[in-house]
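Please read the following note with the model open beside it.

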Amino acid sequence: MGLRPLFAPKQQKQLFMSLRIYNTLSRAIADFSPLEAGHVRMYVCGMTVYDLCHVGHARSNVAFDVVQRWLKASGYKVTHIRNITDIDDKIIKRAVENGETIRALTDRMIEAMHADFDALGIARPTAEPRATEFVPQMLSMIGTLEEKGLAYRTPQGDVNYAVRKFPGYGKLSGKSLDELHAGERVAVLDGKDDPLDFVLWKGAKASEPADVKWDSAFGPGRPGWHIECSAMACQMLGNSFDIHAGGADLQFPHHENEIAQSEGATGQQFAHFWMHNGFINVDNEKMSKSLGNFFTIRDVLKAFDAETVRFFLVRSHYRTPLNYSDVHLNDARGGLKRLYTALQAVVPHDVQIDWATPYAARFKAAMDEDFGTPEAVAVLFDLAGEVNRSKSAEQAGLLKALGGILGILQTDPVAYLQAGAGLDEAAIQAHIQARADAKAAKNFAEADRIRKLLLEQGIVLKDSAAGTTWEAAQ
């Protein structure tokens, strides 16, 4: 779903100057201006490839796909780096359990990841470095940290980072060392000087496979997780770059540790803007593999088309928590159908966006305020209503072009609507149950909304003392 920059040359300067981004580091929205005029350098923490990607991973990667799309649509050149962690404890454990090599497992999971992300319209990054290809750079950074007195060796063959020797530690999470230490439950083990210290280099263990051991000045071993991203980001983007992004769960300790390592080694500010997407929740708990409440992307795609899943993710602001359910996905599918119905009625013209026109200006204002996709989606629905009234091919073309910036509305409308026609029995019953739950909670507005949504899908509900049944509208 590649897009050309959708701007007129005379508007380029104006677009450059208007973007504001919430910076986790300052905990405020601030005007964005890249270090190099017209060029944004962006690093996004990628996957640890030991298993299939779940919807929480999709949320993060779709969110920052929209970010890079809007940056490009605004006229910026974007260098987008998304790393792959292809060596860590979970990968080693899974490969041993499967009786396969580390490389065989990670290659297979990377291929699956690409298939899932491609289905969701997530653009491939400029580069996708694998951690195992950057071990020399990691060792060089560790050596620099040791020379500066920020790292120390242990009798077990590890090299640890001395957190208390880095004055800025805690600035991303907003916590002091004493606050972080008060929450620490791990005793000083394995030669650590302080429980908050973290490993840069893990000494080799006899029980580990041979393909996870590298020779180094510190002895045989392998890199710690945090040093991988520091080394790859600095190598690919320079010691100081514009945006570092990832899930909210990475803010501490991973991103905090990246700052300590990188700035401790280079003496320069690592990333100038830090962006973190909110969690996907299931029953008010974060979706994660450790909790066992996750849904893989490919399992979800068996029940819902990929564009519906993307729209479900895009229509919520990237920083807010997002509740996952079949009801919400069906609601997203209904909304997407309404947009496609407008495009079905009028053949869109291929237009270049004029950002001064009312709908485009509102869309731009929303996206320029910290990538405000909920407001941008609202503009699409208003514009779809205008297309339905006016039957204007120019307005239909604008609807398609603006949708393309979010990675939607690029499929042939007739094909999409025919492929997505009808809800299955399970989806209908899920809606009926959600409506019953809403009524029990006296949330009658939500119950009415679900009834209306089903009616738009051609489903009529009938309430009786025995319960709720449904039939197809005549």
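1. The second largest cavity has a volume of about 40 Å³. A cavity here is a set of points, on a 1 Å grid over the protein atoms alone, where a 1.4 Å probe fits but cannot get out, and lining residues have an atom within 4 Å of a point. The volume is the space filled by probe spheres set on the points, which are joined across faces, edges and corners. V44, S60, N61, F64, D65, H80, R82 and I122 line this second largest cavity. Helix α2 gives the largest share of that lining, four residues.

2. This is a predicted model, in which local features need pLDDT of at least 70 and side-chain atom pairs count only at pLDDT 80 or more, while totals for chains, interfaces and linings use all residues. Residues are numbered from 1 along each chain as its sequence is written, and side-chain values use heavy atoms, with hydrogens and water left out.

3. The search of the whole structure finds two cavities of 30 Å³ or more. Helices are DSSP runs of H or I with at least four residues, strands are runs of E with at least two, and both are numbered from the N terminus.

4. Y318 lies in the loop between α10 and β13, and F371 in the loop between α12 and α13, so the pair ties together parts 53 residues apart in sequence. Y318 is buried, with a relative accessible area of 5%, and F371 is buried at 2%. Buried means under 20% relative accessible area, exposed over 50%, and partly exposed in between (1.4 Å probe, protein chains only).

5. The rings of Y340 and Y416 have centres 4.4 Å apart and planes at 20°, so this pair is stacked. Y340 is in helix α11 and Y416 in helix α15, 76 residues apart.

Conventions
Phe/Tyr/Trp six-rings, centres within 6.5 Å; stacked < 30°, edge-to-face > 60°. 1 Å grid on protein atoms, 1.4 Å probe; cavity = no way out; pocket = protein on both sides within 12 Å on 5 of 7 lines; lining within 4 Å.
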